Amino acid sequence: MRAWQLEDFGLDNLVLKETPTPKPGPGEILVKVTAVSLNYRDKAIVDGAYDPDKMPKNLIPVSDAAGVVAEVGPGVTEFKPGDRVMSHLYSHWLDGAPARDEPDYCLGLPLNGGLAEYMILEASSAVPTPAHLTDEQASTLPIAALTAWFALVEYGRLEAGQTVLVQGTGGVSLFAVQLANALGARVIATSSSDEKLQRVAEMGAQELINYRTTPDWAERARELTDGQGVDQVIEVVGGDGINQSVHATRAAGHISLIGFLGGQVAPLDVLPLLFSQVQIRGIAVGHRRAFLEMNEFIEKQGIEPVIDTVYGFEDAHQAYEHLARGAFGKIVIRVTD
Ligand SMILES: NC(=O)c1ccc[n+]([C@@H]2O[C@H](COP(=O)([O-])OP(=O)(O)OC[C@H]3O[C@@H](n4cnc5c(N)ncnc54)[C@H](OP(=O)(O)O)[C@@H]3O)[C@@H](O)[C@H]2O)c1
């Protein structure tokens with residue numbers, strides 16, 4: 001099969017090669033990959049900024065894939081050839097509390113991912129593709145959508161009528177806007193761009209804040225909530241901004257700490273957190289049970305992912321470069337027809 005392999009850190013070292021098609025072992029399925037989508041994590045892995053010590057030799061990168069079962073290994077009862085499936089990033093985290101070693105079983109690092117014509121998945125971890133989505137659309141769900149769902153619903157217990165602040169218009173955030181809106185919540189969206197804010201408004205965000213022209217966006221969020229603050233913040237930026245997120249959240253409200261776009265260290269001003277009793281919850285995507293529940297919801301609601309651009313398999317470098325420049329919605333790579 002043809003596969004992109006990371007021979008060393010840096011995009012120049014991501015090379016397209018011929019490599020033996022893997023055989024599914026007991027409990028495994030071989031998936032013919034139709035499409036993958038990129039996440040910030042995939043770029044950070046190539047740059048050597050994400051768990052570089054775990055990098056194996058000639059890694060096939062990219063965790064999020066959708067495709068068709070080509071072959072099943074001994075003992076597999078969950079799937080048969082021809083079934084449409086998606087990957088699940090935390091391949092051993094199926095339900096309940098996470099184990100300490102979940103990151104050891106993540107696809108796209110340290111396990112091989114889907115930027116190849118075929119990939120191996122454990123049958124217990126693969127997820128059936130929602131019928132209303134194409135494989136290109138489905139490939140965007142495993143990290144970006146599940147992270148937003150896990151934050152809002154599994155941990156956040158979002159209720160209709162509550163208010164959610166969503167930071168920026170990246171992959172996780174756009175899914176958060178769609179899901180929160182479908183759950184009947186009021187959405188306050190932030191972005192560096194008025195044009196992007198108009199687009200999130202069309203997707204259902206009711207209140208808009210440009211965080212460039214309104215750097216004190218947390219104070220603005222307080223004004224928009226009668227001085228009380230929002231029920232939940234989808235925090236994808238981290239860094240110093242964490243203190244603004246605490247300020248933007250109502251007493252005993254909930255911050256889902258998801259991203260590190262603004263830095264991997266967040267100096268926390270402790271007293272405002274204590275006085276407001278805000279809960280900050282670290283999020284690591286989610287487990288498979290929540291993935292299944294989310295799919296049921298998005299199918300019922302007819303939610304379709306926002307895709308910015310679909311690249312051809314040979315154009316993987318351009319896809320990574322587009323992700324680095326910024327996109328509105330997901331960057332997808334079509335792998336096979
Ligand atoms: N913990 C987890 O489970 C998990 C899962 C998925 C992602 N993540 C992390 O979450 C972050 C976002 O991931 P993603 O895939 O959604 O990224 P992405 O698609 O690359 O998002 C980029 C967008 O973030 C917004 N942004 C950047 N700096 C900002 C700032 N200072 N304030 C507000 N918004 C800002 C920008 O929106 P505008 O252009 O509109 O300004 C930008 O377009 C990354 O750090 C990623 O690693 C974590």
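Tutor: Before we start, contact here means heavy atoms within 4.5 Å.

Student: Fine, which residues does Leu183 touch, not counting residues up to four places away in sequence?

Tutor: Leaving out residues up to four places away in sequence, Leu183 touches Val153, Leu158, Glu159, Ala160 and Phe297. This is a predicted model, in which local features need pLDDT of at least 70 and side-chain atom pairs count only at pLDDT 80 or more, while totals for chains, interfaces and linings use all residues. Residues are numbered from 1 along each chain as its sequence is written, and side-chain values use heavy atoms, with hydrogens and water left out.

Student: And where is Leu183 found?

Tutor: Leu183 is found in the loop between helix H4 (171-182) and strand S9 (186-191), where helices (H or I, at least four residues) and strands (E, at least two) are DSSP runs, numbered from the N terminus.

Student: How far apart are the C-alpha atoms of Leu183 and Val265?

Tutor: They are separated by 32 Å, with Leu183 and Val265 lying 82 residues apart along the chain.

Student: Switching to Arg288: buried or exposed?

Tutor: Arg288, which has its place in helix H9 (residues 288-301), is buried, meaning under 20% relative accessible area with a 1.4 Å probe and protein chains only.

Notes:
Buried < 20%, exposed > 50% of the residue type's maximum accessible area, 1.4 Å probe, protein only. Lys, Arg positive; Asp, Glu negative; His and termini not counted. Salt bridge = Lys/Arg side-chain N within 4 Å of Asp/Glu carboxyl O.
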